[in-house]
Amino acid sequence: MNGLSALIRRELALAWGGGGGPLLGLTFFATITTLLPLAIGAEPSRLAAIATGAAWVALALSTLLSLERLFERDYEDGALDLLAIGPAPLEAVCFVKCLAQWIATGLPLAIAAPIGALALNAPSELAPMIFVTALIGGLGFSFTGGIGAALSLGSRRGGVLVAVIVLPLFVFPIIFGAGAIEAYASHLMGWKSGLAFLGAYSLTFTAIGPFFMAAACRNAIS
Amino acid sequence: MIDGVSIEDLALTRGDRALFSGFDLKLGRGEAVALVGANGAGKTSLLRCVAGLLRPAAGKVRFLDGQIELEAADVRAHGLHLLGHHDGLKSARKAWDELVFQVRWTGGTLAAAESARERLKLGPLCDLEIRKLSAGQRRRVALARLVASPRPLWLLDEPFAPLDAERRAVFGALMSEHLAGGGMILAAVHDPLPIKTRQVEVGA
């Protein structure tokens with residue numbers, strides 16, 4: 001569709017360019033993974049034990065950082081009105097926005113996640129697994145985060161509100177994702193089911209998230 | 001396609017406050033209606049209600065093709081332009097990129113955007129970021145989509161407020177053209193428009 005392809009191009013341009021883009025999330029991720037050894041101590045064995053989990057928490061927080069403005073900018077400058085009465089349903093608009101968000105920040109972060117974990121002394125054979133879980137989990141993060149971003153529209157201090165709404169929802173992908181890596185590392189068979197649960201979570205929110213977001217946006221602009 | 005709008009017994013509220021009730025208005029082909037009224041009377045809300053962004057407390061907005069009532073959601077998606085105080089232009093992006101997006105989103109083509117650029121003499125502004133434009137220049141960029149993607153119903157909220165006299169004349173001519181082609185204009189204004197309009201008071 002002409003309109004939606006124009007929208008995805010614009011969303012990608014905004015996500016890459018506006019407000020620091022993926023660089024902001026990546027820098028934040030790098031900062032957290034640098035702070036951890038300073039706080040916990042640089043002993044390799046101790047770091048290795050927490051490396052993958054720490055990378056996952058850093059990933060969740062970094063995603064959150066770029067989500068805050070997902071709908072807020074469009075709400076403030078009136079673009080949301082234009083998008084709401086456009087040729088595509090608002091649900092499709094929300095889907096495209098989150099997808100662009102995932103491509104622009106989720107993908108770079110998924111590449112950064114194994115690097116961060118390796119820097120914290122995680123075994124190198126885990127790197128592909130960390131990348132895959134971060135990629136799938138990032139999709140879930142974007143679509144759950146979008147719900148929080150839409151719900152907090154119009155409130156002052158929206159950023160804090162997004163965190164309060166969204167972080168509890170991030171519990172599940174963190175459990176499944178970090179759990180799958182943990183099981184894979186200790187050669188347990190359970191890692192496949194962890195990965196399957198993570199995929200199911202992400203796909204579920206990809207499917208139902210846009211409906212929540214569209215409802216919240218309609219409520220905010222009316 | 002849509003050739004009439006019928007607003008019947010409409011009542012709008014904002015929060016607990018009733019803006020107006022029992023509002024009736026009929027708009028037909030080639031007609032322009034200027035909505036007048038004090039600040040806060042509900043002119044903007046009325047436009048947003050016609051566009052489907054606000055739900056009325058009572059009454060109906062109907063879009064007609066002859067005697068046939070059209071599906072409102074369809075008309076709103078393909079048959080009207082809403083241009084309000086907030087133009088939806090992203091401050092960090094170049095004027096041309098934003099113009100092309102708005103035109104394509106509302107169903108126009110790249111060629112139409114280019115001809116609108118010539119028509120409204122936007123050439124020198126196109127390479128600038130939106131944040132560097134004055135209020136009047138921004139408005140001109142926003143108005144370009146009305147020209148580039150033809151839709152029969154224009155809902156305009158103070159369209160001329162930031163424009164200078166020359167630009168008002170240019171856009172007045174565009175409005176006359178739109179009406180001559182069977183279009184309809186519903187505009188909230190304080191200053192009279194440079195075209196023949198029927199005045200309707202909101203919230204009297």
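Which domains does the domain assignment of chain B give? I found domain 1 (1-79 + 153-204) and domain 2 (87-150); the bounds come from an automatic or database domain assignment.

I noted that this is a predicted model, in which local features need pLDDT of at least 70 and side-chain atom pairs count only at pLDDT 80 or more, while totals for chains, interfaces and linings use all residues. Residues are numbered from 1 along each chain as its sequence is written, and chains are lettered from A in the order in which they are written.

Domains of chain B. I looked up the C-alpha centres of domain 1 and domain 2 of chain B, which lie 23 Å apart. The contact (C-beta atoms, placed from the backbone, within 7 Å) takes 9 residues from domain 1 and 8 residues from domain 2 of chain B. Helix 6 (residues 165-180) of chain B gives the largest share of the domain 1 side, 3 residues. Helices are DSSP runs of H or I with at least four residues, strands are runs of E with at least two, and both are numbered from the N terminus.

Sheet of chain B. I traced 5 strands in an open sheet, order 6-7-8-3-9, with parallel pairing; two strands pair if DSSP finds at least two bridges between them. Strand 6 (80-83) and strand 9 (198-201) of chain B are at the edges with a single partner strand each, so one side of each has no neighbour in the sheet. I counted 4 bridges between strand 3 (residues 32-36) and strand 8 (residues 184-188) of chain B. Ala34(B) has Ala187(B) as its bridge partner in strand 8 of chain B.

Chains A and B. I found that this contact takes 19 residues from chain A and 21 residues from chain B. Helix 1 of chain A gives the most to the chain A side, with 7 residues.

Technical notes: Two residues are in contact if their C-beta atoms, placed from the backbone, lie within 7 Å.
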